[in-house]
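Dear colleague,

Please find below the structure that I am handing over to you. My notes on it follow directly after.

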Amino acid sequence: MIFHADGAFYKIGTHRDALRQASVYGILACGMTLVIVSGGIDLSVGSVLALVAVCFSLFSIHWQWSPWQAIPCALLIGAACGSAGGLLTAGLGSSRSSPRWR
């Protein structure tokens, strides 16, 4: 073998870390499956995930909040963004189902 990173590929920690990083997208995919099956497509999920991750790191690292404060605040921010997007989608309707936008 030309390149094997000093055997890092064969360590269990490498695969554990890769699965842990991929699990976030797997959980998002499960939620998005319901949205797509119901006939909608929501492209803001990745942006909301990034916003919540940045807010959580800001709360916990920069402002040194405890996890008991940072986690609920981050969840509330994500819920607020999801609610705002849902209200806009329900209020304005999608362009393919509403004749007023044609």
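**Findings in the predicted model**

W65 has a relative accessible area of 29%, so this residue is classed as partly exposed. W63 is also assigned to the partly exposed class, because its relative accessibility is 43%.

Please bear in mind that this is a predicted model. The protein has a mean pLDDT of 83, with 86% of its residues at 70 or more. Confidence is highest in helix α2 (residues 45–62), where the mean is 93. Helix α1 (residues 12–37) has the lowest confidence, at a mean of 87.

On the aromatic side chains, the count comes to three aromatic pairs.

Q64 deserves a separate remark. This residue is not a glycine, yet it has a positive phi of about 55°. Q64 sits in the loop between α2 and α3 (67–92). Its relative accessible area is 66%, so Q64 is exposed.

Finally, there is a nonpolar patch on the surface, formed by I36, I41 and L43. Together these residues have about 390 Å² of accessible area.

Yours sincerely

Key
Residues are numbered from 1 along each chain as its sequence is written. This is a predicted model: local features need pLDDT of at least 70, side-chain atom pairs count only at pLDDT 80 or more; totals for chains, interfaces and linings use all residues. Side-chain values use heavy atoms; hydrogens and water are left out. pLDDT is the predictor's confidence in each residue, from 0 to 100. Helices (H or I, at least four residues) and strands (E, at least two) are DSSP runs, numbered from the N terminus. Rings of Phe, Tyr and Trp (its six-membered ring) pair if their centres lie within 6.5 Å; planes under 30 degrees apart count as stacked, over 60 as edge-to-face and the rest as tilted. Buried means under 20% relative accessible area, exposed over 50%, partly exposed in between (1.4 Å probe, protein chains only). Patches are made of residues with over 30% relative accessible area and no salt bridge: like charges are joined within 9 Å, nonpolar side chains (Val, Leu, Ile, Met, Phe, Trp, Tyr) within 5 Å. Accessible areas come from the Shrake-Rupley method with a 1.4 Å probe; for residues, only the protein chains shown count as cover. A salt bridge is a side-chain nitrogen of Lys or Arg within 4 Å of a carboxyl oxygen of Asp or Glu.
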